[in-house]
Amino acid sequence: MFHPHAQLADIGGEVGLALVASRPIPAGTVMWALCDFDIILDRHVVADLSPPYREILDRYAFISPDGDCILQWDLARFGNHSCDAVLHSVGFDVEIAVRDIAAGEQITTEYGNLNRDFHFACACGARNCRTHIRHDDSLHFGHVWDEQVAQVLPLYRGVDQPLAAVLARRPHALDVLEGRRPPPPSRSMYCPASRLPDLSPPPEAGPGRIPAPPSARSRYSVTMPLQSLDIV
Ligand SMILES: [Zn+2]
């Protein structure tokens with residue numbers, strides 16, 4: 001479940017739809033936690049799905065370290081990537097804001113830890129842009145993301161947490177957030193390629209296909225900070 005003070009907006013340009021904050025959100029706020037409505041599919045189940053379903057997973061799902069496919073049921077699925085992401089994982093399927101988020105600001109996440117087998121050119125515009133995002137980025141850059149998380153964890157208790165009721169059902173994550181255990185390193189959430197589900201639809205897919213997804217650049221890139229915004 002995603003933080004309630006986020007909305008989906010068409011911010012134009014090559015990005016199109018994006019998650020934006022509808023009001024200021026302080027660093028240390030839990031922004032997403034896996035919940036009972038999210039769909040978790042074993043990779044063997046995914047292999048038996050027909051093309052329209054696999055295309056949806058290919059566009060929106062991320063992969064657990066065990067190779068399970070996770071489809072978020074709400075706005076969380078629309079988060080765009082940034083190499084200077086606003087959200088990072090504390091482990092146990094919970095993400096936290098690693099800096100303050102202004103009203104109207106795009107809420108970005110880090111695709112390098114989604115365990116997807118993509119390799120795409122990034123146009124996020126961040127000063128630390130890696131220019132290419134790869135499946136195994138968490139093994140090379142995860143220590144940087146881990147440091148960002150460690151710096152904001154002490155803020156958790158001091159800010160409003162609208163997802164508290166969801167977190168109550170994720171005791172391991174709560175242990176991290178409340179300082180009883182350290183967060184697992186990002187590299188520990190890596191799923192090797194041999195365990196990744198095959199999300200590519202068969203080439204002969206015919207009637208019933210959903211429209212082709214936009215290009216990798218538009219799917220996974222973000223624009224500069226918003227100056228004005230029409231919330232949809
Ligand atoms: Zn980038």
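Predicted model: local features only at pLDDT ≥ 70, side-chain atom pairs only at ≥ 80, totals over all residues.
Me: How much of the protein is buried?
Reply: Of its 232 residues, 37% count as buried.

Me: And what share of the contacts join residues at least 24 apart?
Reply: That share is 78%, taken among contacts between residues at least 6 apart in sequence.

Me: Turning to helix α2, which of its residues are buried?
Reply: Helix α2 spans residues 51–60, and its buried residues are R54, E55, L57 and D58.

Me: What covers them?
Reply: The cover over the buried residues of α2 includes α1 (43–47) and β6 (69–71).

Me: Now the open sheet: what is the strand order, and is the pairing parallel or antiparallel?
Reply: Three strands make up this open sheet, in the order β3-β8-β7, and their pairing is antiparallel.

Me: Which strands are at the edges?
Reply: The edge strands are β3 (30–33) and β7 (87–89), each of which pairs on one side only.

Me: What does the twist average?
Reply: From one strand to the next, the twist averages 25 degrees.

Me: How many bridges are there between β7 and β8?
Reply: Strand β8, residues 94–97, pairs with β7 over three bridges in the antiparallel sense.

Me: Which residue in β8 does S89 stand opposite?
Reply: S89 stands opposite E95.

Terms used. Residues numbered from 1 in each chain as written. Buried ≥ 20, exposed ≤ 12 C-beta atoms within 10 Å, placed from the backbone. Contact = placed C-beta atoms within 7 Å. Helix = DSSP H or I, 4+ residues; strand = E, 2+ residues; numbered from the N terminus. Pairing = 2+ DSSP bridges. Axes fitted to C-alpha atoms, helices over the stretch in contact; angles between N-to-C directions.
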